[in-house]
Amino acid sequence: MNTRQSRCMIPGKATLAAVIVAAASPLAAQTVPDFAADGFSVCVDPTFPPMEYMADAADKEPSGVDIDVARALAAHWGVDASFVSMDFAGLLPSLEAGRCDAVISGTVLREDRLKTFNAVPYLDTSTVLIAGKGAPVVSDIAELAGKTVAVQSGTSYPGRMESLNAELEAAGHAPTKIQQYPKQSDAIQQLLVGRAAYVVTQDTEIAFRELQDPGKFDVVFTMPAAAFEPFSVYLRKDDAETAKTGEAVKALVENGELLKIVEKWNLSPSQLNGIGE
């Protein structure tokens, strides 16, 4: 099932342009953000492969797409990257409190988040429902009625499921039963042990799990999205600093560094469509 074809969000690029404030302006060109003058600290929740995870119990730092993106940005600015690990729910509050310079942690672009933060997209993605291997594709949301769905708390997933439940109830169906867990790995475990029929995740995670341990999951439903919702670098509200970050992401697209990261983690080059524009 191609989870990405339904994500051709051309109208959403207006939103993207508004988020990356003046990214191509002379202000942004070849400049280092003030927050990265002495290094680039990034808040992450390393429980969401391939975006960020602890590849080995002995590792002191996480691995993953987002870790490579953060290091590529730091290298572009001529500084080192460092990482502050925590639960997903604490990422944006920690950014707001100044505990890190940015959040790069599988965090999609959402309008509600933009009320408090700025964001720079770097990788397109789709939110999907996964089930055990061989599960039937969900062709109508009525098929989800009364089913148990595991989600990671603090993410956009509970809200997405609540919206879907509202649609189910409006159509006279029973809502899904939403189970929330602090880590994405916990939510996946509920599916593995049979306590949940579905898990909400991203297409990136299921692609990685299929590569590492094939034959356990299938994508059965792609959650509807009304706008371009790529993974994004979240920053405190500062248009000049956001512009500099946007210019750096654009440079990493143009010099092929982001494509190298995408290919390293077995993702699709199409996930860079619209990034850096």
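This is a predicted model: local features need pLDDT of at least 70, side-chain atom pairs count only at pLDDT 80 or more; totals for chains, interfaces and linings use all residues.
**Entry 1: the pocket**

Residues are numbered from 1 along each chain as its sequence is written, and side-chain values use heavy atoms, with hydrogens and water left out.

I then listed the lining, which has 19 residues (an atom within 4 Å of a point). Nearest the centre of the pocket lie Arg 110, Arg 160, Pro 224, Ala 225 and Glu 229. Helix α4 (residues 157-170) gives the largest share of the lining, five residues. By class, the lining has 11 nonpolar, three polar and five charged residues. Here Ala, Val, Leu, Ile, Met, Phe, Trp, Tyr, Cys and Pro count as nonpolar, Asp, Glu, Lys and Arg as charged, and the others, Gly among them, as polar.

**Entry 2: salt bridges**

I counted 11 salt bridges (a side-chain nitrogen of Lys or Arg within 4 Å of a carboxyl oxygen of Asp or Glu).

Glu 229 and Arg 160 form one of them, at 2.1 Å from N to O. This pair links distant parts of the chain, 69 residues apart: Glu 229 sits in the loop between β11 (217-222) and β12 (231-236), and Arg 160 in helix α4. Glu 229 is buried at 10% relative accessibility, and Arg 160 is buried at 8% (buried is under 20% relative accessible area, exposed over 50%, partly exposed in between, with a 1.4 Å probe and protein chains only).

I also checked Lys 216 and Asp 213, whose closest N and O atoms are 2.9 Å apart in a salt bridge. Lys 216 is partly exposed at 39%, and Asp 213 is partly exposed at 37%. Elsewhere, salt bridges that share partners join Arg 110, Arg 160 and Glu 229 into one network.

The side chains of Lys 183 and Asp 87 meet in a salt bridge at 3.2 Å, N to O. Lys 183 lies in the loop between β9 (177-181) and α5 (184-192) and Asp 87 in the loop between β4 (81-85) and α3 (91-96), so the pair ties together parts 96 residues apart in sequence. Lys 183 is partly exposed at 30%, as is Asp 87 at 38%.

**Entry 3: Glu 241**

I placed Glu 241 in helix α7 (residues 239-254). Glu 241 is buried, with a relative accessible area of 8%. Leaving out residues up to four places away in sequence, Glu 241 touches Pro 33, Asp 34, Phe 35 and Leu 235 (contact means heavy atoms within 4.5 Å).

**Entry 4: the whole protein**

I recorded eight helices and 12 strands (DSSP runs numbered from the N terminus, helices being H or I of at least four residues and strands E of at least two). Of the 277 residues, 53% are buried. Among contacts between residues at least 6 apart in sequence, 78% join residues at least 24 apart. The protein exposes about 11800 Å², and carbon and sulfur atoms supply 51% of it (Shrake-Rupley method, 1.4 Å probe).

Methods
On a 1 Å grid over the protein atoms alone, a cavity is a set of points where a 1.4 Å probe fits but cannot get out, and a pocket is an open set with protein on both sides within 12 Å along at least five of seven lines; lining residues have an atom within 4 Å of a point.
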